[in-house]
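Colleague: I'm new to reading protein models, and I'd like to learn how to look at contacts between side chains. Could you walk me through it?

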Amino acid sequence: MAVPPIQRPPHQARLSNSWLLDIVLGLLVVASLPLAVVSIPNTLSVVARLLPDDLDQAGLMRTNGLSLPALMLTVPLVAAALRRVPAPHLLLGGLVLVALSEAAGGYAGSEFFVGVVRVLRGVGAGVILAATLAAVWHRAAALRALWAGMFGLSLLTAQALALWPLDAVSSWRVTLQPYPLVTGVALGLAAVHLVVWTLGGRPAGPVPSVRERGRLLLTAVPAAGIAALAISTATEGWRAVPVMVLAVVAILGLLALASIGSSESRTSAYTMVAVGAVLLPSAAQVTLVEMGGLGGPGLRGLWVPYAVAGVLAIVAAVAVRLFAQGVGRRVASLGLLAMVAGLCSVRLVVPAADGMVLTVPFSLLAVGAAVAVTAALQGVGAGAAMSGLSLGCAGVLAGFLLGAGVQMAMLDGVRSAQELVDSFVGALHWWALAGGFLLVMIIVLAAVMARRPGRRVPVDEPDGPGTPPDVPCAGLPPADVLLVRGADQAGPDGDGAVRPDGDDDDPSTVAIPRVSAVTAGPVVEPAAGVGGGTPAVPPQGQSPEDAGSA
């Protein structure tokens, strides 16, 4: 007599698929977020000696900086497109664009071609940022924390990751295709994720409401304005003071736009602007100052501090996600205060010949950013989170402009290699001071605006572990969401989606090292923007790994 096959109950099959989907998605977040953020730094000046004589070096550096403006404009558009295209499809498409940009980068031979490649990569990176956030939104609680931790770590290490493949290279095109192997791995994970998602019944993801989509498209306006003005500063050779004024105005405009909406969405937007404007520009300058050719430990001496900071950031983000429910604004402010402490430590310990000392500022910056982002995302819907991410990406370029203006002012009139190094260090210390004051200003602004009267509607409150996974939880949409379907049909986000596991969103001075004469020659690209030159977008300085590679 034949024995009938044992069949698992439907809920057990769904649980198995859910765990598999969460594992694949976690690996995909770890692989793809650094790959997206590493597109931001403009490192073409490091390999300028390898450029052919018939190419316009200044023009190439400008077009090589187009990745960040493209990323800024892509994030809000992709977030708005989530209503039509699911996140797994977008994520796979974003990684395909990154892979195409790396493949095409090997054939780049003109300023126009480089610009096309960098724009393509920026668009792919923007798709990845928005799609990964959407993909983790309704999954296990730790996944959103993992996203926040990896986002902070990626911003911290982006400059180092962009410089690492350029040590002793023989072709300048490596800047256009820095990590082809990682891109292939991430692309394979995205394909597996799409298959598992499809076999698991295509669980619904977050869908921005009509009002949230309008707000997302509104965030593209200041992003486009900042991008156009930043490109103008690179093309027209603006002086230091106008660049700094422009950057300040851009940051104030972003904060003004972030002030729209409910109290929870304002906290999320303020936090994202603060993290974007401060973390990557600060970490990039620290990394440049600590290069081996400038007397620092070089990248090889920085990886342990980076790794420690990354582990601590992810652990802190998970802890906040699991144990700090309902106190998002207070915890977000504490995270930003940790970043202020990190900038203070930068002024005290940088430059340092021992890389291990940098564990302190790196950890404070990464942990503070991860905690702030995780806490800020607890009390908002997916649309408000996407809007905050869009403003944060625009804040990165505004922060780079402000840091570049400070560098241009400090580098004005340098005549020797030692003056150049001293000016770089002085610019870093002044930037750390400015970044700290900016963070404090945003903390105060968030506290003041939290007292502003407005609609208070429960947002995505979990119903507890006893809620059946197949029964929609009762809940109301965020205060800044326009209802487009009946309350009896809507899930906790107002999009009809309930997570398979039943747990939906919750509410919530060191001596400056002397430099050898061999370093003095090529470390002059940042000074090009001082006397009316054309800094790249985002403007960054040369950072040779050691004297031998300069």
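**Rings and charges**

Modeller: Let's start in helix H11, where tryptophan 303 and tyrosine 306 sit three residues apart, about one turn of the helix. Keep in mind that this is a predicted model.

Colleague: How do I read a pair of rings, and what kind of aromatic pair do tryptophan 303 and tyrosine 306 form?

Modeller: A pair of aromatic rings is described by how far apart the centres are and by the angle between the planes. The structure has four aromatic pairs. In one of them, tryptophan 303 and tyrosine 306 are 5.5 Å apart centre to centre with 50 degrees between the planes, and that pair is tilted.

Colleague: Is tyrosine 306 buried or exposed?

Modeller: Tyrosine 306 is buried, because its relative accessibility is 3% and the cut-off for buried is under 20%. Tryptophan 303, at 25%, counts as partly exposed.

Colleague: And why is the pair of tyrosine 306 and phenylalanine 362 called stacked?

Modeller: Their ring centres are 4.6 Å apart and the planes are at 5 degrees, so the pair is stacked; planes under 30 degrees apart count as that. This pair links distant parts of the chain, as tyrosine 306 is in helix H11 and phenylalanine 362 is in helix H13 (residues 359–376), 56 residues apart. Phenylalanine 362 is buried too, with a relative accessible area of 1%. Trp164, Trp303, Tyr306 and Phe362 make up one aromatic cluster.

Colleague: On to charges: how many salt bridges does the structure hold?

Modeller: There are three. Aspartate 22 and arginine 139 meet in one of them, at 2.8 Å from N to O. Here aspartate 22 belongs to helix H1 (residues 10–37), while arginine 139 is in the loop between helix H5 (111–137) and helix H6 (141–163), 117 residues apart. Aspartate 22 is buried at 11%, and arginine 139 is buried at 7%.

Colleague: Which residue forms a salt bridge with arginine 300?

Modeller: That's aspartate 167, with the closest N and O atoms 3.0 Å apart. Aspartate 167 is in the loop between H6 and helix H7 (180–199) and arginine 300 in the loop between helix H10 (263–289) and helix H11 (303–323), so this pair ties together parts 133 residues apart in sequence. Arginine 300 is exposed, at 53% relative accessible area, and aspartate 167 is partly exposed at 28%.

Colleague: Where does the charged end of arginine 144 sit?

Modeller: Over the ring of tryptophan 137, 3.6 Å from the ring's centre.

Notes:
Residues are numbered from 1 along each chain as its sequence is written. This is a predicted model: local features need pLDDT of at least 70, side-chain atom pairs count only at pLDDT 80 or more; totals for chains, interfaces and linings use all residues. Side-chain values use heavy atoms; hydrogens and water are left out. A salt bridge is a side-chain nitrogen of Lys or Arg within 4 Å of a carboxyl oxygen of Asp or Glu. Helices (H or I, at least four residues) and strands (E, at least two) are DSSP runs, numbered from the N terminus. Buried means under 20% relative accessible area, exposed over 50%, partly exposed in between (1.4 Å probe, protein chains only). Rings of Phe, Tyr and Trp (its six-membered ring) pair if their centres lie within 6.5 Å; planes under 30 degrees apart count as stacked, over 60 as edge-to-face and the rest as tilted. A charge sits over a ring if NZ of Lys or CZ of Arg is within 6 Å of the ring centre and within 35 degrees of the ring normal.
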